[in-house]
Amino acid sequence: MEVWISHIKPRQQTALAIGCTIVGALILYGARGFQTLNSNAGAGFLLGLLLLGLGIAAFLVSGRQSVIIDPTKRTIRIDDEGRLGRKSHTLRFDDIADIGIGYLGKKSNYVTWYYLNLKLKNGKEYPLFAPGRFYEGGSDRSVVEGWRDRLRGYIAG
């Protein structure tokens, strides 16, 4: 079995962060003359503030993430490289009790991201191919089911 390496699409992540920041700033500017928070302009100001804060936070935490699944070493390594630094996390196949599929979003608004939810033997859960990281195929449940089946094969192998 070969090593399985997946990378995120940082451009989409950065574009989302910048878009959220710009929309938030525009709403803040448009609602800047509010008199009380109980008014529509006050609500708009708070919405703009929220979007601006989310956009800035998303920009700061965005970066590159790689998932390296090595069936020979029987490990999964997640490498994060962002504006705030680098970190790496390694999971052993032996620590995984089950592999489920999680999702973020609502089918009614047609925005759903799927990801693998690793249930660890110590009772914790770990999201693999995390939502909002824009992994290729993460919005297609059948693709993520394929990821799950592939990982199950690696663990069983």
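Student: Let's start with Y135. Buried or exposed?
Tutor: Y135 counts as buried, because its relative accessibility is 7%. Buried means under 20% relative accessible area, exposed means over 50%, and partly exposed lies in between, with a 1.4 Å probe and protein chains only. Keep in mind that this is a predicted model: local features need pLDDT of at least 70, side-chain atom pairs count only at pLDDT 80 or more, and totals for chains, interfaces and linings use all residues. Residues are numbered from 1 along each chain as its sequence is written, and side-chain values use heavy atoms, with hydrogens and water left out.

Student: OK, and what is the relative accessible area of F129?
Tutor: F129 comes out at 3%, so F129 is buried.

Student: How many aromatic pairs are there in the whole structure?
Tutor: The search finds five. Rings of Phe, Tyr and Trp (its six-membered ring) pair if their centres lie within 6.5 Å; planes under 30 degrees apart are stacked, over 60 edge-to-face, and the rest tilted.

Student: Why is the pair of W4 and F129 tilted?
Tutor: Their planes sit at 35°, so the pair is tilted; the ring centres are 5.6 Å apart.

Student: Where do W4 and F129 lie?
Tutor: W4 is in strand β1 (residues 4–7), while F129 is in the loop between β7 (125–128) and α3 (141–156), so the pair ties together parts 125 residues apart in sequence. Helices (H or I, at least four residues) and strands (E, at least two) are DSSP runs, numbered from the N terminus.

Student: What about F129 and Y135?
Tutor: That aromatic pair is edge-to-face, with 5.1 Å centre to centre and 80° between the planes.

Student: Which residues do ring pairs link into a cluster?
Tutor: W4, F129, Y135, W147 and Y154.

Student: Switching topic. What lies over the face of W4?
Tutor: R150 does, at 4.3 Å from the ring centre. Likewise, R32 lies over the face of Y29, at 4.0 Å from the ring centre. A charge sits over a ring if NZ of Lys or CZ of Arg is within 6 Å of the ring centre and within 35 degrees of the ring normal.

Student: Last one. Where is confidence lowest in the protein chain, and where highest?
Tutor: Confidence is lowest in β1, with a mean of 84, and highest in α3, at 94. The protein chain averages a pLDDT of 87, and 98% of the residues score at least 70. pLDDT is the predictor's confidence in each residue, from 0 to 100.
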